[in-house]
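Hi everyone, thanks for making time for this. I'd like to walk you through one model, so please have a look at it first.

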Amino acid sequence: MYVQKDLNSNNRVFTNCNKMRTLVSPDGSYVNEGMNCSSLDITMPNGEPHGGLTGSNEFILSASGQKISPNSRIQEANQWCQRKARSACSRKMLLKRLPILRWLPVYNSTDAVGDLVAGITVGLTVIPQALAYSGIAGLPAAYGLYGSFVGCIVYIFLGSCKDVPMGPSAISALLTYQTARGNVHKAVLLSLLTGIIELVMGLFGLGFLVDFVSGPVSSGFTSAVSLIIVTSQIKDVLGITAKGTTFLEIWQSIFNDIHNVRAWDTVLGITCIAVLLIMRIVAGLKVGPHEDELKSRKHRIINKFMWLIGTSRNAILVIVCGAIGYVFQSSASAPFKLIGDIPPGLPSFEVPSFTLNANQTSTGRDESFAEIVSSLGSGLIVIPLIALMENIAICKAFSNGKPVDATQELIAIGVANVANSFAQGFPGTGALSRGAVFNASGVRTPLANIYTGALVILSLMFFTPYFSYIPKATLAAIIIAAVVFMVEVKVVKPMWRTKKSDLIPGLGTFIACLALPLEVGILLGVGLNVIFILYHAARPKINVERLTSPAGAEYLIITPDRCLIFPSVDYVRNLVTKQSIRQSLPVVIDCSHVYGADYTAATVIESITQDFARRDQPLFFYNLKPSVCAVFEGLSPVDFVVYYREEDLDELMKEKAYKPKQVLSA
């Protein structure tokens, strides 16, 4: 480590340690002997020094001043590969990457009953939602069902969260529409490419990328998407034709065709929305005493019945309105727009098309794979990230404080989307609304997905002829009644109370997503967040105090609260210079919270020490970490003095023979 140098030397470190570097152990760790020079006593009760703390030798210097490098880069790479290979083949990793092996051996009858009830309940919800989400994606109604059963089965084996119902969601459907523009073949290929990207991200452990989407940005994005989805369904409630991808474009198209409003569709749509909202309230009603243990058996049966009716409201409404549509369809004139014929049976399982002929494109010419990928654009990145964000939101909401494995969720939804593409499905993920139903229904394991998938398969095989009689206004009402509650107005008040500046990226994301394509809006929101992070990095909190040393000498201590890196060093320098000139006292920079520094910081420190030397004003650095000290010493700054014990300050000032000068005005 560092030893006290000759007093005539310009560059010295003041310490009472005779030896501050120790030998490096075979495992590449070292004991930080610099702790001996600290005023803090952290000796363990068993006598082990330094609290048993060890660290990497990456930043440790030998006595000769050379960085320790026990292994060559090639050896390090080989060791890393060997460690990863051993880890990948371990039993722990197998259980981590195949979560079904953890819960299947202990699966019992109680789990089976809970999963059966939850799976059937969610199945009754997902069928009408899948039909409706197809309309959001701009695809025929059957494609929502195609993407609702294969992914469920895959998630049973790879999913780590019991509450995730794999399938289409409102947000993924809208992003699919904005990316594929209603082209069936592109939407199916998009599912394959999205799954591959998610799988690759999972294998490389890139789940942390979702951390760059902060809470305010996520709330702004979700709220904007909800309003766009509601707006996109207004046309079906009114029975008119409207196109567009952004909020403003859709409303402009609605106003242009407002004179073609169909009265019966409008009445049916508004009535369905009202009925759904009332049934939603019924699901939350309780009869009998507030305490569960005081409720009678009759109370419990009534409460369970009301909850089941409210939870199955979408399926009930679709059946009733489908019957109404069938009755009117048999008459001479049908007052409602119906979703039309749905091909019966399961989809054809085949590899998605990598090229499109002229009849399959909107341009009327053939498109190669490269041209298709180019047309999909940034959606190939945005859709996987948003899908992960939706999935992680479900996992965190119902994890009861348990850690969430974002990497495993990426792998699970990635493989599920790849499998969906072979069944002609569009990209999907977990939907928060269905996840809440799963949780409320008493789901026990991911096996509940098999019952949901089985219901979808049965509906495709036997009930698709009857789906064609469902009015479009009914499906639009189902979507509106579901997503209107996704507008996160409730987060504004607590955000205002805690940190008002967080409203800026949240509101900015909200406005950008309404006015611009969603992928641009979310990128702008993340960009705003990064700007805020950089601003805080460039403006660290700095505490300035005027203290007295044990011998009675006054000095100024300046304490930054974070690392010294290039955005912040000029700000710190200006403040140190201003305060030192104003106070005209010896200055101590307390580096207890400085855990890192860079070359720019080193140049600034060199400049500061030169300025203080010209003014003949003492400057000392207290409790500087050895790794940071090595960075600063790289430029050999003049009069660079570091000390680690508070009682050494008086001796340093005595050595400097400092005499206070007249106070100067700043």
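Let me start with a question: which residues does valine 588 touch, not counting residues up to four places away in sequence? Keep that in mind while I say what we are looking at. This is a predicted model, where local features need pLDDT of at least 70 and side-chain atom pairs count only at pLDDT 80 or more, while totals for chains, interfaces and linings use all residues. Residues are numbered from 1 along each chain as its sequence is written, and side-chain values use heavy atoms, with hydrogens and water left out.

Now the answer. Valine 588 touches Tyr555, Leu556, Ile557, Ile558, Phe620, Tyr622, Tyr643 and Leu649, where contact means heavy atoms within 4.5 Å. Take Leu649 from that list: valine 588 and leucine 649 are 61 residues apart in sequence, yet 9.1 Å apart in space, C-alpha to C-alpha. Valine 588 belongs to strand S8, residues 587-590. Helices here are DSSP runs of H or I with at least four residues, strands are runs of E with at least two, and both are numbered from the N terminus. With a relative accessible area of 0%, valine 588 is buried; the cut-offs are under 20% for buried, over 50% for exposed and partly exposed in between, using a 1.4 Å probe and protein chains only.

Two of those partners, Leu556 and Ile558, turn up again around glutamine 579, which touches Val544, Leu556 and Ile558 when residues up to four places away in sequence are not counted. Glutamine 579 sits in helix H23, residues 569-583, and counts as buried at 15% relative accessibility.

Stepping back to the whole chain, there are 26 helices and 10 strands. Of its 666 residues, 48% count as buried. Among contacts between residues at least 6 apart in sequence, 75% join residues at least 24 apart.

On to helix packing. Two packed helices are described by the angle between their axes and the distance between the axes. Here the axes are lines fitted to C-alpha atoms, over the stretch in contact, and angles run from 0 to 180 degrees between N-to-C directions.

Helix H9, residues 215-238, packs against helix H21, residues 503-515, at about 30°, with the axes 7 Å apart. That makes the pair roughly parallel, a label for angles under 35 degrees. On the H9 side the contact includes Pro216, Phe221 and Leu227, and on the H21 side Pro505, Phe510 and Leu514 are among the residues. By class, the residues of this contact divide into 10 nonpolar, 4 polar and no charged. Nonpolar means Ala, Val, Leu, Ile, Met, Phe, Trp, Tyr, Cys and Pro, charged means Asp, Glu, Lys and Arg, and the others, Gly among them, are polar.

Where does the side chain of threonine 231 make its polar contact with another side chain? The partner is tryptophan 251, at 3.1 Å. A polar contact is a pair of N or O atoms within 3.5 Å; within protein, one must be able to donate a hydrogen and the other to accept it, and residues adjacent in sequence count only if both atoms are side-chain atoms. The threonine 231 side chain also reaches the backbone oxygen of leucine 227, at 2.7 Å. Threonine 231 counts as buried, at 3% relative accessibility.

Key:
Angles under 35 degrees count as roughly parallel, over 145 as roughly antiparallel, 65 to 115 as roughly perpendicular and the rest as oblique.
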